[in-house]
Structures are given as structure tokens and as C-alpha cells.
Amino acid sequence: QVQLVESGGGLVQAGGSLRLSCAASGRTFSSYTMGWFRQVPGKERDIVARINRSGVYTYYADSVKGRFTISRDNAKNTVYLQMNSLKPADTAVYYCAAAANWNDFNSWGQGTQVTVSS
């Protein structure tokens, strides 16, 4: 498994932007599909976006399409989530995750809080 550490969360006003980063340990980062998930208290953890090993293919939840962008730098063992036009509904703990294939995420970071004020 790979160890993941998120950063970049915080408090922002509606309409603002944040960029989350997730640094991975190990030398096999480029072999993992990477994803961002989010969770609010009392609800399930939902996928926000994912990116394949090379960075060519991406997927976004409908709720963030056109506003969020996932990217990765395999040389830096880092995946990013650029979040623009943030809404109060985006408030959640955001988690970075790694999967050996497209779907089975089994390595998780500790999460970073994103709060969007109205």
C-alpha cells in the first residue's frame, strides 16, 4: 500500500477557490489510479474525481463537473484537486485515495477539512 497525506483544506467564501494536494510515499505512485472523495457527517463517503495512472483519463461526479479539476504529477508523487466556484454544499472532509485498478480504492489519507461559507 501507499501512504497518503492531504493538505490545502481550509475556510473559503462561496465562489472562491482552493487547491488540495495529496503527497504519496513510495516509488510506485505512477502505478495507482488516484481519487478524491468527500464526506459530511452522517453520510457516506462519495467520490469526487479520479484520474488514471498516466493522467490521461479522468472522471468527475456530476456535482463538481466544470468546477473541479483533478491532476497528477508522477515525478512529484502528488495528486491535486483544483476547486473553483466553491459552494456551501462542497463543505466536507476531503480524502485522497489510491487504487491498484480503476475502482478498488484501498489506501486512504487522513482527510482535510474544506469549509465554504455563504
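This report describes the strands, the disulfide and the salt bridges of one protein model.

The model is predicted: local features need pLDDT of at least 70, side-chain atom pairs count only at pLDDT 80 or more, and totals for chains, interfaces and linings use all residues. Residues are numbered from 1 along each chain as its sequence is written, and side-chain values use heavy atoms, with hydrogens and water left out.

## Overall build

The protein has zero helices and eleven strands. Both kinds of element are DSSP runs numbered from the N terminus: helices are H or I with at least four residues, strands are E with at least two. Along the sequence the pattern reads β-β-β-β-β-β-β-β-β-β-β.

The C-alpha trace spans about 40 × 25 × 20 Å along its principal axes. The radius of gyration is 13 Å, which agrees with the value near 13 Å for a compact globule of 118 residues. That radius is taken over C-alpha atoms, and the globule rule is 2.2 Å times the number of residues to the power 0.38.

Buried residues make up 45% of the 118 residues. Buried means under 20% relative accessible area, exposed means over 50%, and partly exposed lies in between, with a 1.4 Å probe and protein chains only. Consider contacts between residues at least 6 apart in sequence: 56% of them join residues at least 24 apart. A contact means heavy atoms within 4.5 Å.

Strands of a sheet pair through backbone hydrogen bonds, either parallel or antiparallel. Here, four strands form an open sheet in the order E1-E3-E8-E7, with antiparallel pairing. Strand E1 (4-7) and strand E7 (68-73) are the edge strands, and each pairs on one side only. Neighbouring strands of this sheet are turned by 15° against each other on average, direction ignored. The axes behind that angle are lines fitted to C-alpha atoms, for helices over the stretch in contact, and angles run from 0 to 180 degrees between N-to-C directions. Two strands count as paired if DSSP finds at least two bridges between them.

E1 and E3 pair in the antiparallel sense over four bridges. Six bridges join E3 (residues 18-24) to E8 (residues 78-83), and these two strands also run antiparallel. In E3, Cys22 is the bridge partner of Glu6. Cys22 also stands opposite Val79 in E8. Glu6 lies with Leu4 on the covered face of E1, while Val5 and Ser7 form the uncovered face.

## The disulfide

A disulfide is a covalent bond between the sulfur atoms of two cysteines. The cut-off used is a pair of cysteine sulfur atoms within 2.5 Å. The structure holds one disulfide. This bond joins Cys22 to Cys96, with an S to S distance of 2.1 Å. The pair links distant parts of the chain: Cys22 sits in strand E3 and Cys96 in strand E9 (residues 92-99), 74 residues apart. Its torsion about the S-S bond is about -80°, so the disulfide is left-handed. Both Cys22 and Cys96 are buried.

## The salt bridges

How many salt bridges does the structure hold? There are three. A salt bridge is a side-chain nitrogen of Lys or Arg within 4 Å of a carboxyl oxygen of Asp or Glu.

| Salt bridge | N to O distance |
|---|---|
| Arg38 and Asp90 | 2.9 Å |
| Lys65 and Asp62 | 3.2 Å |
| Arg67 and Asp90 | 2.8 Å |

Asp90 lies in the loop between E8 and E9, and Arg67 in the loop between strand E6 (58-60) and E7, so this pair ties together parts that are 23 residues apart in sequence. Salt bridges that share partners join Arg38, Arg67 and Asp90 into one network.

Asp90 counts as buried at 2% relative accessibility. Asp62, from the bridge with Lys65, counts as exposed at 65% relative accessibility.

## An exposed loop residue

Where does Arg27 lie? Arg27 is in the loop between E3 and strand E4 (33-39). Its relative accessibility is 86%, so Arg27 counts as exposed. Arg27 and Glu44 are 17 residues apart in sequence, and their C-alpha atoms are 31 Å apart in space.
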